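The exercises below each set a task and then work through a solution step by step. Please keep the sequence and the model open side by side while reading.

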Amino acid sequence: QVQLVESGGGLVQAGGSLRLSCAASGRTFSTYAMGWFRQAPGKEREFVAAISRSGGITYYRGSVEGRFTISGDNAKNTVYLQMNSLKPEDTAVYYCAAKDTPYRGRYYSNSYEYDYWGQGTQVTVSS
């Protein structure tokens, strides 16, 4: 089992940047593919970004591609989401998730595929 704790959220003006961190504890971090999801008030949780176990493959939802970057540091058991050029529509609670997988080169973009979730961190972008 793995425990996930997100941090780095906050209030930022449109056009600004934030870096979210997700620290994992428990089982070996490198056995997990990781993902970031978000949920805005009154909306369903949606996929944001994913990274494979190997870290070599990443995937993004269209509206964040080119602005967000997902990365991982196995030595620190941490996955990051660098968010640049933030927009008010990026406002949401952001969650990281872990998928226990034997496949080093696969990413996962559906919330039901993930095994573990963090508690979320609030990101608010003002216009």
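**Exercise 1. The disulfide**

Is Cys-96 buried or exposed? Settle this, and then describe the disulfide.

Solution. A word on the source comes first: this is a predicted model, in which local features need pLDDT of at least 70 and side-chain atom pairs count only at pLDDT 80 or more, while totals for chains, interfaces and linings use all residues. Residues are numbered from 1 along each chain as its sequence is written, and side-chain values use heavy atoms, with hydrogens and water left out.

Step 1. Buried means under 20% relative accessible area, exposed over 50%, and partly exposed in between, with a 1.4 Å probe and protein chains only. Cys-96 has a relative accessibility of 0% and therefore counts as buried, and Cys-22, at 0%, counts as buried too.

Step 2. A disulfide is taken here as a pair of cysteine sulfur atoms within 2.5 Å, and the structure holds one. Cys-22 and Cys-96 form this link with their sulfur atoms 1.9 Å apart, and with 45° about the S-S bond the link of Cys-22 and Cys-96 is right-handed.

Step 3. Strands (E, at least two residues) and helices (H or I, at least four) are DSSP runs numbered from the N terminus. Because Cys-22 lies in strand β3 and Cys-96 in strand β9, the pair ties together parts that are 74 residues apart in sequence.

**Exercise 2. The open sheet**

In what order do the four strands of the open sheet lie? Name the edges and trace the pairings.

Solution. Step 1. Two strands pair if DSSP finds at least two bridges between them. The four strands follow the order β1-β3-β8-β7, with antiparallel pairing. The edge strands, each pairing on one side only, are β1 (2-7) and β7 (68-73). From one strand to the next the twist averages 15°, where axes are lines fitted to C-alpha atoms (for helices over the stretch in contact) and angles run from 0 to 180 degrees between N-to-C directions.

Step 1. β1 pairs with β3 (residues 18-26) in the antiparallel sense over six bridges, and the bridge partner of Val-2 in β3 is Gly-26.

Step 2. β7 and β8 also pair in the antiparallel sense, over six bridges, with Met-83 in β8 as the bridge partner of Phe-68. The hairpin of β7 and β8 has four residues between the strands, and there Asn-77 takes a positive phi near 50°.

**Exercise 3. Salt bridges around Arg-38 and Asp-90**

Which residues are linked in a network of salt bridges? Follow the contacts from Arg-38.

Solution. Step 1. A salt bridge is a side-chain nitrogen of Lys or Arg within 4 Å of a carboxyl oxygen of Asp or Glu, and by this rule the count comes to four.

Step 1. Arg-38 forms a salt bridge with Glu-46, the closest N and O atoms being 2.7 Å apart; Arg-38 is buried at 5% relative accessibility, whereas Glu-46, at 26%, is partly exposed.

Step 2. Arg-38 also meets Asp-90 in a salt bridge, at 3.0 Å from N to O. Since Arg-38 lies in strand β4 (residues 32-39) and Asp-90 in the loop between β8 (78-83) and β9 (92-100), the pair ties together parts that are 52 residues apart in sequence.

Step 3. Arg-67 forms a salt bridge with Asp-90, with 2.8 Å between the closest N and O atoms. This pair links the loop between β6 and β7, which holds Arg-67, to the loop between β8 and β9, 23 residues apart, and both Arg-67 and Asp-90 are buried.

**Exercise 4. Aromatic pairs**

How many aromatic pairs does the structure hold? Describe two of them.

Solution. Step 1. Rings of Phe, Tyr and Trp (its six-membered ring) pair if their centres lie within 6.5 Å; planes under 30 degrees apart count as stacked, over 60 as edge-to-face and the rest as tilted. The structure holds eight such pairs.

Step 1. Phe-47 and Tyr-59 are stacked, at 5.6 Å centre to centre with 25° between the planes. Phe-47 lies in strand β5 (residues 46-51) and Tyr-59 in strand β6 (residues 58-60), so the pair ties together parts that are twelve residues apart in sequence.

Step 2. Tyr-108 and Tyr-114 form an edge-to-face pair, at 6.4 Å centre to centre with 80° between the planes. Tyr-108 is buried at 4% relative accessibility, and Tyr-114 is buried at 6%.
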